[in-house]
Amino acid sequence: MSDAVSALKGARASGMVDLADAGPTGMITLRGDHGLLGDSLSSVLGLSAPERRRVVTGEAGEVLWMSPDELLVVLPYDTAPDVAAALETALGDAFATVAVVSDARSVMHLSGAQTRDVLAKLMPVDFAGFELGELRRSRVAQVAAAVWRRSENDWALICFRSVGGYVFEALATVGKPGGEVGLYR
Amino acid sequence: MSHRLGTGGRLINRTRPLDFTFNGKTMRGYAGDTLASGLLGAGQVLVGRSFKYHRPRGIVASGAEEPNALVGLGEGQRFEPNQRVTTTELFSGLKAVSQNHWPSLEFDVGAINAKLWRFLPAGFYYKTFISPRPLWKHVYEPIIRKSAGLGKAPDAETRDIDRYEQLYAFCDVLIAGGGVAGIRAALDAAQAGKRVVLTEQTASFGGRAVVDGDDIDGQSADAWVDSQLAALKGMENVTVLPRTMVAGVHDHGYALAYERVADHQPGADKPRHRLWRIRAGQIVAATGAIERPLSFAGNDMPGVMLAAAIRDYAVNFGVAVGKTVAIVTNNDDAYRTALILNDLGVNIAAVIDARVEATGDLPAKARAAGIRVIEDAAVRYVEGGKSVTGVQLCRFNSDGGAVFETLACDALGMSGGWSPVVHLWSHCGGKLNWDEAGAFFRPDPNRPPLGHDGKGFVSCVGAANGELGNEDEAPMLPVWLMPAQASYELRAKAWLDPQNDVKVSDVQLAAREGYASVEHTKRYTTLGMATDQGKLSNINGLAILSDALGQPIPQTGTTTFRPPYTPISLGAITGEARGEIFQPLRKTPMHDWHEAKGAHWEPVGHWRRPYCYPKAGESHAEAVSREINQTRNAVGLLDATTLGKILVKGPDAGRFMDMLYTNMMSTLKVGKCRYGLMCNENGFLSDDGVVARLSEDSWLCHTTSGGADRIHAWMEDWLQCEWWDWKVHVVNLTEQFAQIAVVGPKARQVLEKLGGDIDLSADSFPFMDWKEGQLGGTAARIFRISFSGELSYEVAVPASQGLAFWEKLLAAGEEFGISAYGTEALHVMRAEKGFIMIGDETDGTVIPQDLGLNWAISKKKDDFLGKRGMEREAMVSPDRWKLVGLETLDGSVLADGALAPLPGKNANGQSETQGRVTSTYHSPTLGKGIAMGLVHNGPARMGEVIEFQAASGGTVSARIVDPCFYDKAGEKQNV
């Protein structure tokens, strides 16, 4: 869908970190037994179910651990409906639920060496030893959010679409220059 | 008079002078000064007036314990009252004003209170409150408000322009205090591989040792601190935080630390304060000790200071507090002050020692240095006014009747011993023991505050643990009153708490009046209240109380130590949550469009929904009428995105739906919609909405806007905790879709104009069906449902295309004059149809039967949530208030929430009533007021006229009618 518009409409901010709207992003919620879901992911996308609080990354996209019976597939926006249909087919009659939720959330990218310091100002999360491919569901200030670490200095963050603006502003505010803390070095 | 010495001052940089003002007078200090050392260096001893008697007050201490020297700091958007000069780092251009003086600091009319002290005793406020009552409001309160109190509140029109933030941190060991004990604890933990956070409330580390010139491991304390600190800073597992005070210790190792990032650099592009929210495995309190004042007459005069503070000013800042300084003590430690000042060339009048003999090492050194030591002596009275001119001496063991000498001096240091700072140990319940030898409370290592594992999570080290003094020091003599048998006149001038103007005589009076509990005495006398929370006064006060009660000090105990250790800013507590991000604002995809069209907003949870869209010159009521008329006559659009949309799917989903809703949902056919009710276990109506059967094993539940998250959580709660073996998934899809109601007789034509693959004809797409397909090039799911009584479709499209689709609808409807309508038009139209609204017709005590919704309660189902609740006696009583329509006889609009009064009183003495208004509007469609209400036995009383309270007083007559006012047959929605 080329006319899809993300809630943040391409917003960017720079300070202690670079903060950017990821734009329209495909997302599929999967609920069910992780073994079962992993099999379908493997056959449809060549991906697997992640371990607890981890992310599995492949060419087709990423699979995020959300809860003991929930996964979130992150992939290109336009591919989500077809992939969801294929996953439905692969799961057949099994007890599992597939739902396209690409428009339900805002996705942001944060990059820079101070990303953990900025996140720690709003998220009650211990980022020491937070590995590549690790994910945490928590909150950003007053709303639910999840972050995962894509590389040494690149992070992705999701929150619900309606509060995308709030989360972006909150991160931009605490990430202003002058707020350096040097907590995570 | 206090003055700057020619040399010395380990913390100041004499090549960087800084100008500042105090009460408008320009003064000069140096980089590294505190405001306190700057003032004293500039000769300013008088810094404020006391709370109650407006007595002249000077600086007493050199740190966070300072009770007197509070000033208003900054101006305008940076003005802050009650700032301690001792913890304020000096910066160029600092502006300070003294507090609680009128008309000026030097000449204060309120000081007349001091002459009236006999009439302002302990408990003055309480006694005044009692009688005579009328005098309080008109006489006492205005006078007290004018004369009492500390700083002024900032101007209500100003806004704090600084920014603040918080930070979540985690560590194995958090150390509060950067003195030698704290640094040692940090090194031990860091070398063991622990994650360590070391905090120091001031800008410089080292605590007392660096001032007192101790040797540590063969080095000077200064050199040792520098090298150890450098080592700590070089370790990856250590975070070193100067200007950071651990303000509170909370359960489970949670601590708040208050970092004053930029107080000393106002205007810098930095957060001013940062509140660290730390989860620590262990908390080490290396918080040192605070010197106690001595209680003698005139001990509140400017120039009377703590002995150790005097040497702090001399060593750290090169400031002498007087030309000739006397020291009064009950211990050896105060001799250090005499020795250090003597070395710096300050004249020492004498050391006045309450002990019969001063035999320790330090007194010996003092004598060797030529310092006069007067044993078995006490200060009877301090002479002077706004500053000290001399002290009258008497024997310690006397009533002060005989003065044996008057000693000329312009400053007096006092030391009554030291009290460990046990606050952080005590915040979570760590217990204390009384140490007889040192006359202080110290942590009881066997009774620490306990963590989740039943083990202590706070420990104290160094002076905070009571490790005070050393072996060469002779025992101190506990002195709680000087002289020991001081007369009443002297006791009434001996201050315990200079901040709150509480004297020895006040505490003794409280004891005589029956106050035995230290907590009650605190409130009654105000001892240890306000900004310093009795850091100097508590032990002295409870010793006096114990003596008056004739019981040992540990039996009296202490008041409760509560966070914060010293006041922290509201800005730090608020953090980033101010202005635009004070609260989350939830926005629908069409939010910006609404805003651009001048929507008047209505808050709905964290959402903002358009209440109406007033045009230029139009009132809100006019806008609502226009929106309704446009919709009823042609077509209107509503942004219904905020409605909850929850997917329920799985082999047991039908069973689950039948339990959630009062009506039968498992029999709903695929492609159909049904209105449903949800109740809580008590049978009270909780939420409502339209359910669509999506497939054999899936349903989509629409909830109210405010209910979306709550109902989703409710569903998960039942599935996870009660029916964990049912095969059902729920997914909250609320934010996935933009939902738009297209409403009015032209609604079908508008949708048809968009084009697509969905047959919209009445025959193939009847009322209460849903279909999905392409509509105007967008993937859409259309529900043919109506909350207005008109032909109506609710169209769900992916949120990312919501605005584009909304604009397509506006373009397609242009020929019909299409316009958006807001929540008020929605409310009026549903009320015209007699449809209930959760939160208007319900309030948590209303069951569906009260609202005539019996048709939506299944009789076939064995069970559903609320079924048994509804069967209780009170719920089936014929006396319940039930829903009816109400029409005023004069066509006016009833007041919202108005009660229908009856003569007589109920058992509680309240007026009897027989009903109340739940929804009330002016109906532009009918041209008159319409309302719904709950009325006693209402449905059986059709046509009866009853009275309702009018907003302007009196009553209004209204006739009980059917709640549906418009198109009772439902022909308009079914075309």
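Helices (H or I, at least four residues) and strands (E, at least two) are DSSP runs, numbered from the N terminus. This is a predicted model: local features need pLDDT of at least 70, side-chain atom pairs count only at pLDDT 80 or more, and totals for chains, interfaces and linings use all residues. Residues are numbered from 1 along each chain as its sequence is written, while chains are lettered from A and ligands numbered from 1 in the order in which they are written.

**Exercise 1. A hairpin in chain B**

Find where Ala439(B) lies, and decide whether Ala439(B) is buried or exposed.

Solution. 
- Step 1. Locate the residue. Ala439(B) sits in the loop between strand 28 (432–435) and strand 29 (440–443) of chain B.
- Step 2. Check the pairing. Two strands pair if DSSP finds at least two bridges between them. Strands 28 and 29 of chain B pair in the antiparallel sense over 4 bridges. Asp435(B) stands opposite Phe440(B) of strand 29.
- Step 3. Read the turn. The two strands form a hairpin with 4 residues between them, and Ala439(B) in the turn has a positive phi of about 55°.
- Step 4. Count neighbours. A residue is buried if 20 or more other C-beta atoms lie within 10 Å of its own, exposed if 12 or fewer, and partly exposed in between; C-beta atoms are placed from the backbone. Ala439(B) has 22 other C-beta atoms within 10 Å, so Ala439(B) is buried.

**Exercise 2. Helix 7 of chain B**

Work out which residues of helix 7 of chain B are buried, and why they line one face.

Solution. 
- Step 1. Size the helix. Helix 7 (residues 221–233) of chain B has 13 residues and reaches 18 Å from its first C-alpha to its last. That is close to the 18 Å expected at 1.5 Å a residue; the expected span is 1.5 Å times one less than the number of residues.
- Step 2. List the buried residues. They are Ala221(B), Trp224(B), Val225(B), Gln228(B), Leu229(B) and Leu232(B).
- Step 3. Look down the axis. The buried residues of helix 7 of chain B fall within an arc of 120°, so they line one face of the helix. The arc is that of the directions from the helix axis to the C-beta atoms.
- Step 4. Turn to the other side. Ser227(B), Ala230(B) and Lys233(B) are exposed there.
- Step 5. Name the cover. Two residues are in contact if their C-beta atoms, placed from the backbone, lie within 7 Å. The elements covering the buried residues of helix 7 of chain B include helix 5 (180–191) and strand 13 (238–241) of chain B.

**Exercise 3. Helix 1 of chain A**

Identify the buried residues of helix 1 of chain A and what covers them.

Solution. 
- Step 1. In helix 1 (residues 34–45) of chain A, His34(A), Leu37(A), Ser40(A), Leu41(A), Val44(A) and Leu45(A) are buried.
- Step 2. Those buried residues of helix 1 of chain A fall within an arc of 125° seen down the axis, so they line one face of the helix.
- Step 3. Their cover includes strand 3 (25–32) and helix 2 (80–91) of chain A.

**Exercise 4. Where the chains meet**

How many residues does each chain bring to the contact?

Solution. 
- Step 1. Chain B gives 39 residues and chain A gives 40 residues.
- Step 2. On the side of chain B that touches chain A, the largest share, 6 residues, comes from strand 9 of chain B.
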